[in-house]
Amino acid sequence: AVGSEIVVLGWDPADTHTTNFWEELASVNLSGGAADLIDSGTFTAKKYLWIQLYVSTTGGAVSQRLTFNADTGSNYASRASSDGGSDETGESGTNIDRFNDDLVTNSGGFTNMFIVNNSANEKLAIVHAVRQEAAGAGTAPTRDEGVLKWANTSEQITRLTFTNNKAGDMDTYTTLKVWGSN
């Protein structure tokens with residue numbers, strides 16, 4: 001349909017330009033200590049977003065709840081699976097809670113998320129995440145993958161907030177990076 005597009009990113013060894021497709025929009029690190037929230041702050045709206053979140057845990061399990069632009073209305077939907085298992089869905093949610101859920105204490109998890117961020121359309125994202133689980137080679141990590149949408153058709157995403165709702169905390173090494181491009 002009109003307005004559809006495909007973007008292919010690659011590398012051309014003969015290209016001499018010095019600009020990158022991705023521009024860093026936000027970088028936040030919990031270097032001040034443990035917390036239950038990591039917030040990107042407000043960043044410049046871009047058509048494409050790439051979110052990277054590394055969570056280190058302490059003091060108990062951690063589970064991140066994602067909101068966009070501080071919206072806590074029932075505007076979120078998601079579909080995800082762990083280790084290729086059956087899909088879990090969430091509809092009309094007040095946040096996204098399906099990825100890197102229930103990180104165990106003293107472990108970590110990494111999430112990569114790509115979002116199409118057009119103001120007039122629902123925001124669609126694809127997510128890949130890995131959880132460390134127990135330390136050591138005796139326990140395999142967990143793979144989470146899925147999709148989500150934010151059913152807002154009047155604005156672009158300009159802020160992300162991950163909030164913990166479990167007994168533990170996100171630890172010092174927790175880092176949130178937001179990249180964007182038009």
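A strand here is a DSSP run of E with at least two residues, numbered from the N terminus, and a cavity is a set of grid points where a 1.4 Å probe fits but cannot get out. In this predicted model, strand 4 gives three residues to the lining of the largest cavity, the largest share.

**Cavity**

- The count comes to one cavity of 30 Å³ or more.
- The space in the largest cavity is about 70 Å³.
- Strand 4 (64-68) and strand 7 (108-116) are the elements that give two or more residues to the lining of the largest cavity.
- Residues lining the largest cavity include Gln64, Arg65 and Leu66, as well as Thr111 and Met113.
- Leu53, Ile96, Asp97, Arg98, Phe99 and Phe162 also belong to the lining of the largest cavity.
- By class, six residues of this lining are nonpolar, two are polar and three are charged.

**Pockets**

- The largest pocket has a volume of about 230 Å³.
- Its lining consists of Leu9, Gly10, Trp11, Asp12, Asp15, His17, Thr19, Asn20, Phe21 and Trp22.
- Four residues in the lining of the largest pocket are nonpolar, four are polar and two are charged.
- The second largest pocket has a volume of about 200 Å³.
- Strand 3 (48-58), strand 7 and strand 8 each give two or more residues to the lining of the second largest pocket.
- Among the residues lining the second largest pocket are Tyr48 and Leu49, Phe114, Ile115 and Val116, and Leu124, Ala125 and Ile126.
- Val7, Leu9, Phe21 and Trp22 line the second largest pocket as well.
- The lining of the second largest pocket has twelve nonpolar residues, with no polar and no charged ones.

**Salt bridges**

- Side chains of opposite charge can pair when their charged atoms come close.
- The whole structure holds nine salt bridges.
- One of them joins lysine 47 to glutamate 5, with the closest N and O atoms 2.4 Å apart.
- This pair links distant parts of the chain, 42 residues apart: lysine 47 is in the loop between strand 2 (37-39) and strand 3, and glutamate 5 is in the segment before strand 1 (23-29).
- Lysine 47 is partly exposed at 23% relative accessibility, and glutamate 5 is partly exposed at 46%.
- Glutamate 133 and arginine 131 meet in a salt bridge at 3.6 Å, N to O.
- Glutamate 133 has a relative accessible area of 17%, so the residue counts as buried, the cut-off being under 20%.
- Arginine 131 is also buried, with 11% relative accessibility.
- Arg131, Glu133 and Asp144 are linked in a network of salt bridges.
- The side chains of glutamate 145 and arginine 143 form a salt bridge at 3.7 Å, N to O.
- Glutamate 145 is partly exposed at 27% relative accessibility, and arginine 143 is partly exposed at 39%.

**Surface patch**

- Tyr54, Phe110, Val130 and Tyr173 form a nonpolar patch on the surface.
- Together these four residues have about 380 Å² of accessible area.
- Valine 130 lies in strand 8 (residues 123-131).

Methods: Residues are numbered from 1 along each chain as its sequence is written. This is a predicted model: local features need pLDDT of at least 70, side-chain atom pairs count only at pLDDT 80 or more; totals for chains, interfaces and linings use all residues. Side-chain values use heavy atoms; hydrogens and water are left out. Patches are made of residues with over 30% relative accessible area and no salt bridge: like charges are joined within 9 Å, nonpolar side chains (Val, Leu, Ile, Met, Phe, Trp, Tyr) within 5 Å. Accessible areas come from the Shrake-Rupley method with a 1.4 Å probe; for residues, only the protein chains shown count as cover. Helices (H or I, at least four residues) and strands (E, at least two) are DSSP runs, numbered from the N terminus. On a 1 Å grid over the protein atoms alone, a cavity is a set of points where a 1.4 Å probe fits but cannot get out, and a pocket is an open set with protein on both sides within 12 Å along at least five of seven lines; lining residues have an atom within 4 Å of a point. Grid points are joined across faces, edges and corners, and a volume is the space filled by probe spheres set on the points. Ala, Val, Leu, Ile, Met, Phe, Trp, Tyr, Cys and Pro count as nonpolar, Asp, Glu, Lys and Arg as charged, and the others, Gly among them, as polar. Buried means under 20% relative accessible area, exposed over 50%, partly exposed in between (1.4 Å probe, protein chains only).
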